Every structure is written in structure tokens, then in C-alpha cells.
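Q: I am new to this model and would like a close look at one end of the chain. Please start with the surface as a whole.

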Amino acid sequence: MNLLEVKSVSKTYGEGDTAVHALRKVSFSVPKGEFVAIVGESGSGKSTLLNMIGALDVPSFGKVYIDSKDIFAMKERNLTVFRRRNIGFIFQSFNLIQVLTVEQNIIFPVLLDYQEPDRDYLEELLAVLNLTERRLHLPSQLSGGQQQRVAIGRALITRPALILADEPTGNLDTQNSREVIALLKEASRKYEQTIIMITHSRGIAQTADRILQVSDGELTDFGRCRE
């Protein structure tokens, strides 16, 4: 069963001679639990594509289905709730709230939804992310790798069906990059979450189940990576 379906998505900025075609009729699907890497040069359209999938931007044409739901057919309020409950975001710059502890940063999306966090699941995440002893630390007291693990925990805490990771290793050294990718792969397997990751690194992309490339707004599917 496909968790994500992107159908003929196009995005154009501007009009006439100054128009920029960021995406050109992009179509692909991703089954539940697959880990997909999207590669491409700067300005190729890969970040625009991720923004469309995450409903952070609206396509000029085309549709995006998540769990068989046409996300751009939803009213804005319903889409906001759907996005919060079904999509987890991991950014290169971590985007942690500096005045909140590790634990508070992780559970923040749950509290934002006026829900009570699952404490057993929180403890499991803290253990998996090797953050149990850092739970009361502030972001300023953490290394870059630790901060990115907090960001991963925040993305996982709502048990979203889809995780979108935008250059999650961009600010990390080689060792921390390996650890972050290993955590994402474990999340994909253990929690059956579908992960779409943007990366400039071909080496990191090779760790995914499948590689897509965006070039000049057009998509090429290189298929599944070797085990």
C-alpha cells in the first residue's frame, strides 16, 4: 500500500519571461515504511518538492495524497491538524526551542495538539536516541549531534506516518551523520514510518531504500539501492 502519492505536481514562480519552473509534472509513489532519499544540486527543486509533500507550499498544478487523502483538498484548519498529527519534520538547523529542555522539546508537538504524551513511548524514544541522561539539558548544553537527535525525537513523538527530513546531516560531522542516518533507518524499520530525506551526499543517499533525483524541476527514479 502506498503511503504517499505525488501526481503531476508542478510549481511555477512568477509569470511570463521571468517565470521559474521549480517543478515540472513530478509523479512518484512511496509505499509504507520505505526510506527514500532525494538528491539534486542546489536550485534543482528538491526542497520545493519536499515543501509540497509537507503542505508547506501549494503546487501550481497536481495533487499530493498522504494515506489516500488529498491534502490540498482540505480546508486550511483541517490541513494544519492533519499535518501536525501525520507528518514529522526534521530540519538541518534543528529548530529547537532554546528555553525548553530536551524532554520538553520532544513532547512539544503533542502538547501543541492539546494531548497528553505517551510516557512509555517517550522513555523508549529517549533510550533509542541515547538522550535519557540528557533529558533535562537545554539545547545550548548539547552537541550538534545530540540536538539533531532531539529533533528526531520531536518528529517521532506523534507517531507520524510520514517523516520529512531536509538535509538532516548538513550541520554534522561524519560520525554524527552516520548515527543520525542509522536512527532514521531504525525508525523506518521499527515504527514502520515512511521517510523522505533530502541530501546533497550520494554516500548518505546510498543508505536509503530508494534514490530519487531532481534536476531542473524534473524527477528521475533510480530505483531501489542494493542491500
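What does the accessible surface of the chain come to, and what percentage of it belongs to carbon and sulfur atoms? After that, where is Met 1 placed, and which residues is Met 1 in contact with, leaving aside its neighbours within four places in sequence?

A: The accessible surface of the chain comes to about 11,400 Å², and carbon and sulfur atoms hold 48% of that area. Such areas come from the Shrake-Rupley method with a 1.4 Å probe, and for residues only the protein chains shown count as cover. The model is predicted, so local features need pLDDT of at least 70 and side-chain atom pairs count only at pLDDT 80 or more, while totals for chains, interfaces and linings use all residues. Residues are numbered from 1 along each chain as its sequence is written, and side-chain values use heavy atoms, with hydrogens and water left out.

Now to Met 1. Met 1 lies in the segment before strand 1, which covers 2-13; strands (E, at least two residues) and helices (H or I, at least four) are DSSP runs numbered from the N terminus. With a relative accessible area of 74%, Met 1 is exposed, because exposed means over 50%, buried under 20% and partly exposed in between (1.4 Å probe, protein chains only). Even so, Met 1 is in contact with Pro 31, Lys 32, Asp 67 and Ser 68, once neighbours within four places in sequence are left aside; contact means heavy atoms within 4.5 Å. From Met 1 to Tyr 121 the C-alpha distance is 26 Å, at 120 residues apart in sequence.

The C-alpha trace spans about 55 × 40 × 35 Å along its principal axes. Of the 227 residues, 48% count as buried.
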